[in-house]
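User: Hi! I'm new to this one, could you walk me through it?
Analyst: Happy to, let's bring it up and take it topic by topic.

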Amino acid sequence: MNIEFEITKDGSHTLFVPELNEHYHSTHGAIQESMHVFIDAGLRHCTKSEIKVLEIGFGTGLNAFLTLLEAEKTSKKIDFTSLELYPIPLVDTKKLNYAELMDTSAKNVFNELHKADWGKWNQITLYFSLLKLKTDFSNPSNFHTESKYDVIFFDAFAPDKQPEMWTQDIFDKIYSISAENGILTTYCAKGVVRRMLQTAGFSVERLSGPPGKREMLRAEKR
């Protein structure tokens, strides 16, 4: 998959995929989008001191990096599982500027997220551990876990670009592996996605979206 680097309006990188005509993040600001959708609306909405996070789409590692910084800030223990079928080559991830913008001392830590072994747990910091799995989640029966997740970051490409990642089977699977009071957040606010989440069993609310987007969704397993 070919990728091109672009600078978004908050100064942070995103990647553009010509084959899909799609960006990895909002061009209005990659960091501010991830902070708004996944950290503020998702992770910080969970009150547990030990949190199991599931991310659909590791991508540039930005969500994992922001979660790691939050774990260090709050001293909450976070086990972070991320699914990605097409990892970005290390030669490209080293060019991303998230660490320079967020915490210049964390550049090595950001690189460790990408260098971490796939298919096994990696203790990145005292509070943050990472499990990266090369999994085709478009067939959710491929994903087997005994864990129940407290927070789910649903960060697949948009439904019109990657429709196979936005199906009832997928949201049913996510509901079944969500912990009681589990929280799912996604940047997508389409009515069809909201209805699929509700059909799966989630209570769903629309929230104000990040810059450039009017709304987003947060779903909870109550």
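This is a predicted model: local features need pLDDT of at least 70, side-chain atom pairs count only at pLDDT 80 or more; totals for chains, interfaces and linings use all residues.

User: Is Cys 46 buried or exposed?
Analyst: Cys 46 is buried, at a relative accessible area of 6%. Buried means under 20% relative accessible area, exposed means over 50%, and partly exposed is in between, using a 1.4 Å probe and protein chains only.

User: And Cys 188, buried or exposed?
Analyst: Cys 188 is buried too, with a value of 4%.

User: What's the strand order in the open sheet?
Analyst: The eight strands run β6-β7-β5-β4-β8-β9-β11-β10, with mixed pairing. At the edges are β6 (121-123) and β10 (203-208), each pairing on one side only. Strands (E, at least two residues) and helices (H or I, at least four) are DSSP runs numbered from the N terminus, and two strands pair if DSSP finds at least two bridges between them.

User: Which strands does β11 pair with, and how?
Analyst: β11 (residues 215-220) pairs with β9 (residues 178-186) in the antiparallel sense over four bridges. There, Leu 184 is opposite Ala 219, and Thr 185 has Arg 218 as its bridge partner. β10 and β11 are also antiparallel, over six bridges, with Ser 208 opposite Glu 215. In their hairpin, six residues lie between the strands, and Gly 212 takes a positive phi near 90°.

User: Why is β11 largely enclosed?
Analyst: Five of its six residues are buried, so the rest of the structure largely encloses β11.

User: Switching to helices: which residues of α5 are buried?
Analyst: In α5 (residues 107-115), they are Lys 107, Phe 110, Asn 111, Leu 113 and His 114. They fall within an arc of 145° seen down the axis of α5, so they line one face of the helix; the arc is that of the directions from the helix axis to the C-beta atoms.

User: What do they pack against?
Analyst: The buried residues of α5 pack against α2, α3 (90-93), α4 (98-102) and β7, with contact meaning heavy atoms within 4.5 Å.

Key: Residues are numbered from 1 along each chain as its sequence is written. Side-chain values use heavy atoms; hydrogens and water are left out.
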